[in-house]
Amino acid sequence: MKKIIAMTLLSAMVLSMTACGSKEVTEEATTEAVATEEAATEEGGQLVMATNAEFPPYEYREGDQIVGIDADIAAAIAEELGMELVIEDMQFDSIIAAVQSGKADIGVAGMTVTEDRLVTVNFSDPYTQAAQVIIVKTDSEIATPDALAGKTIGVQLGTTGDLYAEDIEDATIERYNKGFEAVQALTQGKVDAVIIDREPAKVFVEQNEGLKVVDEEFTVEDYAICIAKENSELLEKINTALATLQESGKLDEIKAKYINAE
Amino acid sequence: MNTELGKTPLIEVMNLTKKFHDLKALDDISVKIYEGDVVFVIGPSGSGKSTFLRCLNRLEESTGGKILFEGIDITDEKCDIDLHRQKMGMVFQQFNLFPHMTILKNLTIGPQKLQNKTKEAAEAEAMRLLERVGLADRAQAYPSQLSGGQKQRIAIVRALCMKPDVMLFDEPTSALDPEMVGEVLAVMRDLAEEKMTMVVVTHEMGFAKEVATRVIFMADGKIMEENEPGQFFEHPESERLKNFLSKVL
Amino acid sequence: MFEKLMNSFLHNFIEEERWKYIADGLFVTLQVTFFAVILGIFLGFLVAMVRSTYDKTGKLKLLNFFCNLYLTVIRGTPVVVQLLITYFVIFGSVNIDKVLVAVIAFGFNSGAYVAEIIRGGIMSVDQGQFEAGRSLGFSYFRTMIYIILPQALKNVLPALANEFIVLLKETSVAGYIALQDLTKGGDIIRSRTYDAFMPLIAVAVIYLLMVMLFNYFVKQLERRLRNSEH
């Protein structure tokens, strides 16, 4: 499945270079083409998005492009606002600091709204719902979140999985810098389970033999875009843009493109 | 003189050669050194005399020939050279005292670590010898606090502490200021008088004439002439030696 | 201003006992550094002995080859990569204590640098010292131990001390294998409070204090060694 996406994107890129039109191509090309043109023609300027491109299918690298649900949604929002989207890739735990300090305008990184985060930044309306799930080896006895007590759990530092895992009784939390490293540690038997967002979990399980997602979700949560506290004007604009995209079905289209591709 | 036939030499060098690549530093050297001999080796620089001396305790590895020391071939790979070296005291041009140890420690480390002497016994012997060379008051000093002459006297004592059967001197006064040469030679003279077997490489011709039982003249890696000192200095036979003596005397 | 700093301090370190991340991390950092230094010195000595024996006598050719290979690989690759390889490749299929993994990775890394420092020290000791030791009847090995190494070590003490400071600071990448060292401790706080200033500055200050303290002890040691030989 993954290969098919890659192939499509690759062929899309080839096609766009030879300037042959198809639906796939126009969609791919929008991010760059529209952005560059509009930066020159319209008054909007740049919309800098901070993300951590190691979180498929929300954001990840495909060749030298950062793609994924978040990247496409941000591109669609930028288009609505008439701005040029610039993506800054950084460590996940630096994103909020970047937004807060004005180094980035928005943080779009599969980010869950939490009380702690609300102290520092504002969040847009949720653009999708996600769940934290548990990945285990197929022969694992862990079948429910309760069974995690006393286990060694791998998470990605600073993610919601990391925050919630702390509350698990007697569990040892191993905080990896990258989600895939936590999964690698799981396949190597270094941790008993990994708590991570549902969508990347699906990809990881598909790509690694002998892993499965535990049926019962660990938590269910909303993903939203974070914006600096002072920047309430941008917050409104983005909420309006999100509403428009929801209305037009564009949001679902983007999500379907990545999630239901398999 | 102990050179009569029938006695076993303390050191017998047989056809010793040493090559550095194509250059022959030692070319077929044969010498017998008997107990009580004081053998001086002289010659121009580059004649191979230092190399010869350093081959005797294998600081320099020879490339051919044999060295019998107390009847044992020490050029044999299988012999434990460390054991034989304890019996051959060596004194260097540059003293080579151990700078990180006190004088006393310089003198006792060998006997203590190699001959299993107790600290007390080793120190008593060291102090006795220090007394003899007049440096007992410097026992707790470090080498860097001593003059060159004092260092060389200590170096001689360090070798003596091992109770060697032979003492090898490699230009012991060449690195000294002139006014310090005398004190070192005095110690060596005492040793010779005590019938210590000695092999001395030096440029001190007057001292050789006075102390040696035999003098060897080396040039181009070969022994050119060998004689008792009277004959050697008064009636040199070879032209090379005459020439050499006329320059240095 | 002061109140703001105070609040930030409380938020970052006191609330939810977040200072514990720093304290636990510091302990891990010290643990890893301490044992890695010991391993590094041990390996460094071994490699330096092999290499300088080869340099001096031409013996141990094969061992020298492997030592050279070790030095080339370790000094030619970043320590983070070595750490990741140790964790995910060498110990890929075993569940091994991460502190041990870090000690092994950093110890082997440091060993390469220590080896070259000590070898330099050995080669800087006058050849006459070596001959004096051998002529007394000391074996090659005992000459090294009693005569050459004490002088070599004194010469290279500042370089060795510097290597250990580098090692202490380099352990800050231990977080790459999810080991919660001092740096990672600060990172965890940062990921909870979204405040960069307090946790990072605190971590930096702790490293700095450790390095300064260590430097102080080294200076004392150097002074004592200098006094013992004029």
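## Close-up views of the domain and chain contacts

**Domain 1 and domain 2 of chain A, with a count of 0 salt bridges between them.** A salt bridge is a side-chain nitrogen of Lys or Arg within 4 Å of a carboxyl oxygen of Asp or Glu. The model is predicted: local features need pLDDT of at least 70 and side-chain atom pairs count only at pLDDT 80 or more, while totals for chains, interfaces and linings use all residues; side-chain values use heavy atoms, leaving out hydrogens and water. Residues are numbered from 1 along each chain as its sequence is written, and chains are lettered from A and ligands numbered from 1 in the order in which they are written. Domain 1 of chain A covers 44-127 + 224-258 and domain 2 covers 131-221, with bounds from an automatic or database domain assignment. Their centres, taken over C-alpha atoms, are 25 Å apart. Each of the two domains puts 13 residues into the contact (heavy atoms within 4.5 Å).

**Area and polar contacts between domain 1 and domain 2 of chain A.** About 1200 Å² is buried between the two domains of chain A, 61% of it on carbon and sulfur atoms; buried area is the accessible area (1.4 Å probe) that two parts lose on being put together, summed over both. On the side of domain 1, Glu54(A), Phe55(A) and Thr112(A) lose the most area to domain 2, together 38% of what that side buries. There are 3 residue pairs in polar contact between the domains (both at pLDDT 80 or more). A polar contact is a pair of N or O atoms within 3.5 Å; within protein, one must be able to donate a hydrogen and the other to accept it, and residues adjacent in sequence count only if both atoms are side-chain atoms.

**Chain C against chain A, the pair of chains that shares the most contacts.** Here 24 residues of chain C touch 23 residues of chain A. The two chains bury about 2100 Å² between them, with 43% on carbon and sulfur atoms. Phe88(C), Arg192(C) and Tyr194(C) supply 36% of the area that chain C buries against chain A, more than any other three residues. Lys98(C) and Glu174(A) form a salt bridge, their closest N and O atoms 2.4 Å apart. The polar contacts between chain C and chain A number 11 residue pairs (both at pLDDT 80 or more).

**Chain B against chain C, with 24 residues from chain B and 20 residues from chain C.** About 2000 Å² is buried between chain B and chain C, 59% of it on carbon and sulfur atoms. Within chain B, Phe98(B), His100(B) and Leu114(B) lose the most area to chain C, together 25% of what that side buries. The interface holds 2 salt bridges; one of them joins the side chains of Glu131(C) and Arg54(B) (2.6 Å, N to O).

**Gln151(C) in helix 7 (residues 140-170) of chain C.** Helices are DSSP runs (H or I, at least four residues), numbered from the N terminus. Gln151(C) has a relative accessible area of 12% and is therefore buried (under 20% relative accessible area, 1.4 Å probe, protein chains only). Apart from neighbours within four places in sequence, Gln151(C) contacts Pro99(B), His100(B), Val125(C) and Gln129(C).

Terms used. Helices (H or I, at least four residues) and strands (E, at least two) are DSSP runs, numbered from the N terminus. Buried means under 20% relative accessible area, exposed over 50%, partly exposed in between (1.4 Å probe, protein chains only).
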